[in-house]
Amino acid sequence: MGLAIDLLVVLALVAALSLASRLLGPRPRMEGDKGMPYETGMPPLAQPGAHPWASYYRFAVLFVIFDVDLAFLAPWLVQGGRPDAGMLVALTAFLGLVGFTLAYVWRKGALEC
Amino acid sequence: MTSLLVAPNPLPLLAFGVTVLAVLATGFARRRPGATARTIAATGLVVAAARSCDPGAMGLGAGWTPLFVAGALPFLALLPSAGEVAPALIASSVLGMAVLAWARHLFALFLGLELMSLPLYLLLARQSRERRTLEAALKYFFSGSLAAGLFLMGMALLYVSTGSFSLDQAVPARPAAQLALVLMGCAPLFKLAAFPLHFWLPDAYDAASPELASFMSTSVKAAGALMLLKLSVALGPDSYLTWILPAVGAATMTVANLLALRQDSLHRVLAYSSMAHAGTLILLAGTGGEGALSATAVYLWIYLFMNAGAWLVLRAGGLRRVSDLRGLSARRPILALLWAVVILSLAGIPPTGGFFAKLLVFLAALQADKPWAAAALALNGLLALGYYARLVREAFLEAAPKEAPAAETEPPRLVPILVCVCALGALWLGLWAPAAVGVEAWLK
């Protein structure tokens, strides 16, 4: 019951504030530079909603591979105690595999634009 | 922490992985690798499968890998020799099946499922740049992802109700756990193209080359059957699955046989035929117990020979439509004879392996006290005869057309040899397997 009242109060507050801001506030003028989408300070290169290039997809996939491998390495870094030989072998094999992948996609020219 | 892959000997699995890496490594060479990649892939897979062979019992583990590799070999051998990508994709698909076979943990099972499926979508999409092929590959990909998602949801639900991801537990009778099993079962049922999940099948098989379709309908279906058995026999011997699976299997067989009756494309007829056989396997998985296990193994080995044989005849003769078969007996009498052997075997006519395979399933259904399943099996045998008989009649009794169908390219020399091996294998298994399996013990 208390939760329901909380929820109602929050919703009413949100509605009231946004309505008040719209009624009482100054009209924002969105022309010129002010209306441009903010993209790290650069003038935007494309319209929002434009399709990315197909080759961008390749970079995205490769990025995910090398990003996820960090997620696998994190447990090794934060675990307490001394790492033993088995862990070292597993780590080396895993990094070797990732390195092989990088070398392969490099050789195949997948890193070129 | 429990190990993901507990098996008596994990080394053969490592050999599968090393094979994939070795095939990819040929891509570093300056010259285009030609046949080297194919040779390395075939050798590596055969050696790894031979090392994981466990004579005596196939069980639910490593003993299945020779079956997967045998289904992949014709496809590997008939690849046009350009680049290392296709052999690497085939090898990693087989690696995924091996992971499935080794898995004793649900995460490993999922990893194997995805590792097996993702290369398949790519292999299908690489067949040609035609719209039809890409559409089929996309359909296959999306519906496969849906099945993988259902599996993950089932896995999460099972974890919530049992607190374990192990395959070495019996699932309790609570509804949530049972629902989890059914959701997970959707993934192998999709791979086997069971009745409500079969819509991707005709397009995918129609767009695929005969040797890719042969790989998809032998190795991949075997892996799907293994996964289904792992879920139903290992995880839920007394679950809903023992009632759902025979019903789904019977429905799959009936729908597939009815759809196959009116097809004009040979690829589609064989696609529905493979769906009907998958229905038989699903029915078998639902009967449960040790009997179902060994019967599935025997069925799959026989099916491997007769089905691969049928697809390879299409490749050897450059046949696409049912009417292309006309006059085959006059043009290429030996090929027509081998065609008749594999088709009669698929139909389950007595001296061939197909008859014995069907008999085993029939007996297993009776043993499991499901007479209605046995009746569905028998009726479907009659129904299937309708289109199998048509395939043989077109080849032998119909007059040849004025102009012979133009074969675009002469198939490699290897194709007729492989057809011979497959047809003779299907025939020989029908004569030898009954004694080897001890059919007298089954009949009692």
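Start with the buried residues of α3(B): select B:Thr65, B:Leu67, B:Phe68, B:Val69, B:Ala70, B:Gly71, B:Ala72, B:Leu73, B:Pro74, B:Phe75 and B:Leu76. Keep in mind as you click around that this is a predicted model.

Now widen the selection to the helix itself, residues 65-77 of chain B. Is α3(B) mostly covered or mostly open? Mostly covered, with 11 of its 13 residues buried.

Next, hide chain B and colour chain A by secondary structure. You'll find 3 helices and 0 strands, and following the sequence gives you α-α-α. How spread out is chain A? Its radius of gyration is 26 Å, well over the 13 Å that the globule rule gives for 113 residues, so chain A is more spread out than a compact globule. Along the principal axes, the C-alpha atoms of chain A fill a box of roughly 70 × 50 × 20 Å.

While chain A is still selected, colour by burial, counting a residue as buried if 20 or more other C-beta atoms lie within 10 Å of its own. What share of its 113 residues counts as buried? The figure for chain A is 0%. Compare that with α3(B), where B:Phe68 and B:Leu73 are among the buried residues.

Last stop: bring chain B back and go to where the chains meet. Chain A puts 4 residues into the contact, and chain B puts in 4 residues. On the chain A side, look for 2 nonpolar and 2 charged residues, with no polar ones.

Key: Residues are numbered from 1 along each chain as its sequence is written. Chains are lettered from A and ligands numbered from 1 in the order in which they are written. This is a predicted model: local features need pLDDT of at least 70, side-chain atom pairs count only at pLDDT 80 or more; totals for chains, interfaces and linings use all residues. Two residues are in contact if their C-beta atoms, placed from the backbone, lie within 7 Å. Ala, Val, Leu, Ile, Met, Phe, Trp, Tyr, Cys and Pro count as nonpolar, Asp, Glu, Lys and Arg as charged, and the others, Gly among them, as polar. Helices (H or I, at least four residues) and strands (E, at least two) are DSSP runs, numbered from the N terminus. The radius of gyration is taken over C-alpha atoms; the globule rule is 2.2 Å times the number of residues to the power 0.38. A residue is buried if 20 or more other C-beta atoms lie within 10 Å of its own, exposed if 12 or fewer, and partly exposed in between; C-beta atoms are placed from the backbone. The expected span of a helix is 1.5 Å times one less than its number of residues.
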